[in-house]
Amino acid sequence: MGDMARRISKIDVNNLIKTLNEAYAEEWLAYYQYFLGAKLATGILRPSVVKEFEEHAKEEYEHADMIAERIIQLGGTPVLNPDDWSKLAKCKYAEPINEDTFSLVTQNLDSERCAIGRYQGICELTFGKDYETYRLSAHILKEEIAHEQEMEDFLKDMTTAKNYYTKTETN
């Protein structure tokens with residue numbers, strides 16, 4: 001962190017770096033969850049779900065990159081050992097319990113809701129105290145909110161399709 005940036009900061013930088021490292025670890029776990037989900041997905045709306053998962057994986061990777069840069073700017077070091085990601089993360093990696101798209105989307109929806117809480121917290125922590133970190137966390141929060149909406153939309157579409165299929169099957 002530059003000298004002037006340190007002087008104007010109104011936040012405990014060490015605590016912020018710790019919080020950002022937790023978020024950094026969570027982004028890598030989210031990346032892997034989406035990446036693997038895209039490879040394993042089966043069932044209803046598979047092509048659309050896979051495409052969305054691949055896009056989300058790319059965005060989670062970008063979030064990790066932006067957070068790493070901010071940690072370094074603040075004078076810290078991003079988590080160096082991937083073994084530490086699951087130890088630090090409050091938003092955990094959800095190992096696929098089932099490869100069907102409904103299960104995978106549901107798991108990712110839960111993960112997105114945790115991420116929204118994480119970035120809302122960082123926004124509250126940094127608002128009026130560290131404008132650059134606030135700007136970064138608000139940007140990521142916006143994308144996580146969009147991810148949540150997309151997962152909710154998939155679940156609604158799947159439920160509608162299942163209900164339609166069930167009705168036509170019984171008629």
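On this tour, two residues are in contact when they have heavy atoms within 4.5 Å of each other.

The model you have open is predicted, so local features need pLDDT of at least 70 and side-chain atom pairs count only at pLDDT 80 or more, while totals for chains, interfaces and linings use all residues. Residues are numbered from 1 along each chain as its sequence is written, and side-chain values use heavy atoms, with hydrogens and water left out.

Start with the whole protein chain, coloured by secondary structure. You will find six helices and zero strands (DSSP runs of H or I, at least four residues, and of E, at least two, numbered from the N terminus). The C-alpha atoms fill a box of roughly 70 × 30 × 20 Å along the principal axes. Of the contacts with a separation of 6 or more, 81% join residues 24 or more positions apart.

Next, select Leu20, Tyr24, Ile67, Ile71, Leu74, Trp85 and Tyr119: these have the most contacts inside the largest nonpolar core, which has 25 residues. Such a core is a set of buried Ala, Val, Leu, Ile, Met, Phe, Trp, Tyr and Cys residues joined through side-chain atoms within 4.5 Å, buried being under 20% relative accessible area with a 1.4 Å probe, protein chains only. Now show α2 (13–40), α3 (46–73), α5 (101–126) and α6 (131–170), each supplying at least two residues of this core; α2 gives the most, nine.

Zoom in on tyrosine 119. Beyond its neighbours within four places in sequence, tyrosine 119 touches Ala23, Glu27, Ile67, Ser137, Ile140, Leu141 and Glu144.

Last stop: another core, apart from the largest one, has 14 residues, among them Ala38, Ala57, Phe154 and Leu155.

Definitions and conventions: Buried means under 20% relative accessible area, exposed over 50%, partly exposed in between (1.4 Å probe, protein chains only).
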